[in-house]
Amino acid sequence: MVTLLTDTKESVLAEARVDGECLWLSGTDLEAATGWSPRPQGLCRGDVCVPLPTAREFVRTGQIDVAAVWRFLGKPIVHSDDGSVWVLGEAASDRAATLRSLQAPDFTLPDVAGRMHSLSDHRGKKVLLVSWASW
Amino acid sequence: MWQGLYEELQDRNFTVIAVAFDSRPGDPLPWIEAAKPTYPCLIDRDHLVADLYHMVNVPQAVWIDERGTIVRPAESAGAYEGFRKMNRVTREMPADAARVTAEAKATYVNAIRDWVRHGTASEHVYPAERARERTPVPTDDVARAHAAFRLGQHLIRYGQAGEGDRWLAEASRLHPDSWAMWRQRAGVTELGLASQSDFWERVDALGDRKYYAAVDMKGMPK
């Protein structure tokens, strides 16, 4: 059992298989956890497809090594010592491209009462987005 | 901190969204109760907004217009270095430092008022090209730091404080400019809050570098 975290989702995957620095997932689990799915033309999310080199073994007996794929895509990936928790990060270049588009990246977070709010709920208003902390 | 401004401007198609970089359950509650904010105050235990907008400290702000376009990227929200001149025993600030700090805040708040009233005609709204130039962007190490931070926070939440703290330390090592990551970890490990010696040691290590980067705005102290 592996817990897989992305910046928007936490998935618990019963069928995942960890082998050292490899994390093997079914195509279905991969899509559910990350939004990326294997297609004949490569790995796709929405309209974006990234061809995967056939020389490297990303796919084996119906499973995909998401760790290898993530590293190939230049995205950060870290895991706990025992391999039970993995975090798939987003690449600096992708973050930078989004910010330079000047389209404010959306997010959804809870308030103290646990009610969820999205930035996009406030479209049509000017928003002052401010950070703060109790520390 | 923003409640007065919000009440003044909320009828002008304006809102504040505050995002707390806090993780321990209940941490920000007394602050929220004291301020009684009526705008959304969100809890961001994994510092996702810091990751998305490349924020490194509090308070920082991003100005987002009605169409969801960033018109001022992440910057110090009128915060100034004055606290570095405070007496660390009495926590009193010299009068001149207190005055400059108050002026910086007032200048920033006035700029927000100007933006809310005049929209794109405000001198404080960046044209797109300038906004892009001023946009702080992460390095590969920063992107990796956010993944490490998220892993550390998750492990701490699920009872693996030792390993979790090691990942937070790794995140701080990869992203030394982030005071948010460093101070979150200081809180988690009970090292203490802003008044403590570790914090001052790290501030002193800045030397001539800024704790709050200077805001690019007319009338702001450099």
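Predicted model: local features only at pLDDT ≥ 70, side-chain atom pairs only at ≥ 80, totals over all residues.

Colleague: How many helices and strands does chain A have?

Modeller: Chain A has 135 residues, of which 36% count as buried. Its C-alpha trace spans about 50 × 30 × 25 Å along the principal axes. The secondary structure of chain A comes to three helices and 14 strands.

Colleague: Which strands form the edges of the four-stranded open sheet in chain A?

Modeller: The strand order in this sheet is 2-1-11-10, with mixed pairing, and the twist from one strand to the next averages 20°. Strands 10 and 11 of chain A pair in the antiparallel sense over three bridges, and I77(A) has L88(A) as its bridge partner. Two strands of the sheet pair on one side only, and these edges are strand 2 (10-13) and strand 10 of chain A.

Colleague: Which helices lie across strands 1 and 11 of chain A?

Modeller: One of them belongs to chain A: it lies across strands 1, 2 and 11, running at about 160° to strand 2 of chain A.

Colleague: What is the bridge partner of R45(A)?

Modeller: An open sheet of three strands in chain A has the order 5-6-7 with antiparallel pairing, and its neighbouring strands are turned by 35° against each other on average, direction ignored. Its edges are strand 5 (37-39) and strand 7 (48-50). Strand 6 (residues 42-45) pairs with strand 7 of chain A over three bridges. In strand 7, the partner of R45(A) is V48(A).

Colleague: Which element gives the largest share of the side of chain A that touches chain B?

Modeller: The contact involves 42 residues of chain A and 70 residues of chain B. Strands 10, 11, 12 and 14 and helix 3 of chain A each supply at least two residues of that side. The residues there divide into 25 nonpolar, eight polar and nine charged. The largest share, seven residues, comes from strand 14 of chain A.

Colleague: Which residue of chain B stands opposite V130(A)?

Modeller: Strand 14 of chain A and strand 3 (residues 60-64) of chain B pair in the antiparallel sense over four bridges. The residue opposite V130(A) in strand 3 of chain B is A61(B).

Colleague: Which peptide bond of chain B is cis?

Modeller: One of its residues, P59(B), lies in the loop between helix 3 (48-53) and strand 3 of chain B. Omega of the bond is about -10°. The cis bond joins V58(B) and P59(B).

Colleague: How are helix 6 and helix 7 of chain B oriented to each other, and why?

Modeller: Helix 6 (residues 140-157) and helix 7 (residues 161-174) of chain B have axes 7 Å apart and pack at an angle of about 165°. Their crossing is left-handed, and the residues of the contact divide into 12 nonpolar, three polar and five charged. Angles over 145 degrees count as roughly antiparallel. Therefore helix 6 and helix 7 of chain B are roughly antiparallel.

Colleague: Is H47(B) buried or exposed?

Modeller: H47(B) has a positive phi near 60°, although not a glycine, and is found in the loop between strand 2 (41-43) and helix 3 of chain B. N13(B) also has a positive phi, of about 60°, but counts as partly exposed, with 13 C-beta neighbours inside 10 Å. The cut-off for burial is 20 or more such atoms. H47(B) has 26 other C-beta atoms within 10 Å, so H47(B) is buried.

Conventions
Residues numbered from 1 in each chain as written. Chains lettered and ligands numbered in written order. Contact = placed C-beta atoms within 7 Å. Nonpolar A, V, L, I, M, F, W, Y, C, P; charged D, E, K, R; others polar. Pairing = 2+ DSSP bridges. Axes fitted to C-alpha atoms, helices over the stretch in contact; angles between N-to-C directions. Buried ≥ 20, exposed ≤ 12 C-beta atoms within 10 Å, placed from the backbone. Parallel < 35°, antiparallel > 145°, perpendicular 65-115°, else oblique. Left-handed = near helix turned anticlockwise from the far one by under 90°.
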